[in-house]
Amino acid sequence: MKLAVLSFIIISFFHFSHSSPQKFTSIFSFGNSLADTGNFLILGAAAYPFVGHLPYGITYFHHPTGRFSDGRLVVDFIAESQGLPLLPSYLASHENFRQGANFAVAGATALDPAFFQEIGVGLWTNYSLSTQLRWFDELKPSLCKTPQGLFTECSEYFKKSLFLVGEIGGNDYNFPLVAGKSLAEVTSFVPKVVQTIAEAIERLTERGAVNLLVPGNLPIGCLPLYLTLFATMEKEDYDDRNWCLIKLNNLARYHNELLKSAIKQLRRKHPEARIIYADYYSALLQFVHSPRHFGFYSGTQKACCGSGGQYNFNLTAPCGSEGSHVCKDPSTYLSWDGLHLTEAAYHHIANGLLDGSFTDLPLII
Ligand SMILES: *[C@@H]1O[C@H](CO)[C@@H](O)[C@H](O)[C@H]1NC(C)=O
Ligand SMILES: *[C@@H]1O[C@H](CO)[C@@H](O)[C@H](O)[C@H]1NC(C)=O
C-alpha cells in the first residue's frame, strides 16, 4: 500500500517535471508563395492562373487550394504539430481567426511596390509586407482586447502565439533578376530588404508578439528556375559539390548574414521576445547534398512538374500550362515547379524547425 502511494507520487512528480512542451494556441503567418495558403488565388491569380488548377494540390488535398506545391507547406505542418487547424487565409471571409491567420500572398515582396515600379520591374502582387502588417493590425481588435496594463488579454494571448515572419524578401530579388537586372544591382537591394524585414519584426514585437520565427532565403542557385535561366558554360560558375550557381547562392547568403545580424540586434533591444532564425538555406543544401537520405530519389535539380529541359523548367511553359506534365511520385523530388518545393521537402523543413536542427534557438520549449 505504502509502496503504491510512493510510486504514485514518484510517477506524478516524474510526469510533472517532464510535462509535454507548451503548445502554441495560434499562428500568424506573413510572407510569399512559400507560405501562402490561398490569398493569392482569392485575389484573382491573374498573374499565375495555374495555381488554381491541378496538378497544384494533387498530393494531399487532391484539389488546388492556392498553395504553390503539390500538398502542404511548412506552415501547415507546424500547425498540425501544434494540434491546430490549417491556418485560414486572411482573405477567406467569414473565418474565425482566433487560432491564427495566414497573411502571406504569393509574389509578395518585403519592399513596397513603389520601389519596383521606379526601377521598371513588374510584380505579381502589390500586397507587400507592409500591407500584410496592416491586415494584422486590422484583425487584432477581434482577437483580443488591448487596454492599458501589463497583463492585458492581448499580451496573454500573443504569448502563446507563433509569428512566422517569412520567408519574405526572396521575391525582391527574384522579380528583378528574372526581369534582367544585373546581379550587382540586385545585390545592392539587400540591406534595404533586410531592414524592412527587421522593421516588420520590431513592429510585431511592439504589438505583443513574443515568439517569432524568421526564415532566411533559400539557396536560389540550386533551384531549377535559376539553373535554367542563368545556365552558363563556365564550369567555375557552379560549385563542384552540389552543382549550384555560386553567385546566386552568394546573394542568398549575403541576405541571410545581414538578416541574422539584424535579428541579433533586435534580440538585444527586445529581450522579452524570442526571435528565432530559421535556416532554410542550410536545410535545402542538406537535401541537395544528400538527396537519398531525405527520400529525394529522383534528384534535386529537376522539377517534378514542368515541360521539359535539363531541369524540367521552362519560364514560358511552366507547371500547369498546356504541355507540362507532373512526375509520378512528387515525394521523390525536392522541387515541385522549379521555384517552389514539394510537400515532402516542406515536411522535412518543418520537422527540422520543430526539432531544432534548422533553427538557432529552440522553437518548442
Ligand atoms: C500595382 O499597383 C500599380 C500602381 O497602382 C499598378 O499599376 C499595377 O498594375 C498593380 N499591380 C498588380 C499586380 O496589381
Ligand atoms: C519552352 O516552351 C516554349 C513554349 O512551349 C517552347 O517554344 C520552347 O521551345 C521551350 N524551350 C525549351 C528550352 O525547351
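Trainee: In which sense do strand β3 and β4 pair, and over how many bridges?
Mentor: This is a predicted model. Strand β3 covers residues 161–165. Leucine 164 stands opposite leucine 213 in β4. The pairing of β3 with β4 is parallel, over three bridges.

Trainee: How many bridges join β4 to strand β5?
Mentor: Strand β5 spans residues 274–278 and runs parallel to β4. Proline 215 stands opposite alanine 278 in β5. The number of bridges joining β4 to β5 is five.

Trainee: Which residues point one way from β4, and which the other way?
Mentor: Strand β4 holds residues 211–215 and is mostly covered, with five of its five residues buried. Leu212 and Val214 point to one side. Pointing the other way are Asn211, Leu213 and Pro215.

Trainee: Are helices α5 and α9 roughly parallel or roughly antiparallel?
Mentor: Helix α5 is residues 129–143, and helix α9 is residues 190–207. Their axes come within 11 Å and cross at roughly 5°. Angles under 35 degrees count as roughly parallel. Therefore α5 and α9 are roughly parallel.

Trainee: What classes of residue make the contact of α5 with α9, and how many of each?
Mentor: From α5 come Leu129, Leu133, Arg134, Phe136, Asp137 and Lys140. From α9 come Thr196, Ile197, Ala200, Arg203, Leu204 and Arg207. Sorted by class, the contact has five charged, one polar and six nonpolar residues.

Methods
Residues numbered from 1 in each chain as written. Chains lettered and ligands numbered in written order. Predicted model: local features only at pLDDT ≥ 70, side-chain atom pairs only at ≥ 80, totals over all residues. Heavy atoms only, no water. Axes fitted to C-alpha atoms, helices over the stretch in contact; angles between N-to-C directions. Helix = DSSP H or I, 4+ residues; strand = E, 2+ residues; numbered from the N terminus. Parallel < 35°, antiparallel > 145°, perpendicular 65-115°, else oblique. Contact = heavy atoms within 4.5 Å. Nonpolar A, V, L, I, M, F, W, Y, C, P; charged D, E, K, R; others polar. Buried < 20%, exposed > 50% of the residue type's maximum accessible area, 1.4 Å probe, protein only. Pairing = 2+ DSSP bridges.
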